[in-house]
Amino acid sequence: MKRLFRRCGHTPGTISPEDQAAVDQFRALLAALRDPEPWTPGHCQDIAVRVGPWIERAHTRLGDDHGPDIIAVALQHPGGSYTPYGERYRRLGWLRCETTTILGVWNPAFASLTHAAAGLDLPDDVGMAPANYGVHVEARRADNTGYTLLRLGPYFQTWLASHDADRLNTELAGRAATVMPGYTVTAKAAPFHVSDHESYDDPYATDVAALLAAAIAREVSA
C-alpha cells in the first residue's frame with residue numbers, strides 16, 4: 001500500500017473516511033489473496049498472473065486458453081487495455097503463460113500489487129516467452145469441411161512462418177487434386193496455439209517439406 005495511515009490505531013475518536021477507505025482496500029486485498037476466484041480454462045476471463053514478486057492482469061486469447069499446462073495471454077495495465085505503464089509503455093503481445101503462475105480470476109483488489117501501482121513499466125524479462133506463430137496445413141473438401149493435416153511451430157518471427165507457408169504452397173501447386181483425392185491442401189500462417197503445443201511439429205528440427213510429405217503419406221495410407 002502506498003498510502004500510510006496518519007493516526008495510531010489506539011487514537012480515540014472515529015476513523016477518518018480516508019483511513020477507512022484504506023482499511024477497506026487492504027481487507028479486500030487480503031480476502032482476494034486468501035481466497036481468489038478459481039480460473040476456469042476456456043472461459044476467456046481476465047486473470048491474475050505472478051510476474052516475479054508482482055501480480056499482473058492478463059487477457060487470455062479466445063480459443064487458446066484451455067491449457068492444461070500453457071495458455072496464451074497478453075499482460076495489460078490493471079486500469080484497462082489503453083492505460084500506459086510508466087514511461088515506456090511496452091506492448092509485449094501474446095505470451096506463453098504457464099498455468100501454475102495463475103493466481104485466479106482478476107480481482108481489482110490486486111491492482112495495488114502491480115508494477116503500475118509502483119509507477120513502473122513492465123520489466124524486460126517477465127518470465128514468459130512469446131506465444132509466437134505457426135503454420136497450419138489444411139485439407140478441405142469442396143463443401144469446405146475438412147481438418148488440419150499438419151501444424152508447424154513455434155516460429156519466432158512472423159515472416160519465417162509466412163515464408164514456410166509460401167514454400168509449402170509452392171510444393172502443393174499444380175498437384176492439389178492428386179495430393180489427397182477429394183481434398184484441396186493448402187498452408188497458411190496462423191497463431192501458434194500454445195494450449196495445443198504438443199500437436200505441433202518443430203520446423204527447425206526437420207525440413208518442412210519432409211514433414212508435409214510424411215503427413216500426407218500417413219493420411220493416404222490410413
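Two residues are taken to be in contact when heavy atoms of each lie within 4.5 Å. In the predicted model, 66% of the contacts between residues at least 6 apart in sequence join residues at least 24 apart. The chain has 222 residues, of which 38% count as buried. Its secondary structure comprises 4 helices and 8 strands, arranged along the sequence in the pattern α-β-β-β-β-β-β-β-α-α-β-α.

Helix 2, spanning residues 158–172, packs against helix 4, spanning residues 208–221, with an axis separation of 10 Å and an angle of about 50°. The two helices are therefore oblique to each other. The crossing of helix 2 over helix 4 is right-handed. On the helix 2 side, the contact is formed by D164, R167, L168, E171 and L172, and on the helix 4 side by V208, A209, L212 and I216. Classified by residue type, this contact contains 6 nonpolar and 3 charged residues, and no polar ones.

The loop that runs between strand 8 (184–191) and helix 4 contains S195. The relative accessible area of S195 is 9%; this value is under 20%, so S195 is classed as buried. The side chain of S195 lies 3.3 Å from the backbone oxygen of I70. When neighbours within four places in sequence are left aside, the contacts of S195 are with D64, D65, H66, G67, I70 and I71.

Note on methods
Residues numbered from 1 in each chain as written. Predicted model: local features only at pLDDT ≥ 70, side-chain atom pairs only at ≥ 80, totals over all residues. Heavy atoms only, no water. Axes fitted to C-alpha atoms, helices over the stretch in contact; angles between N-to-C directions. Parallel < 35°, antiparallel > 145°, perpendicular 65-115°, else oblique. Left-handed = near helix turned anticlockwise from the far one by under 90°. Nonpolar A, V, L, I, M, F, W, Y, C, P; charged D, E, K, R; others polar. Buried < 20%, exposed > 50% of the residue type's maximum accessible area, 1.4 Å probe, protein only. Polar contact = N/O pair within 3.5 Å; in protein donor to acceptor, adjacent residues only side chain to side chain.
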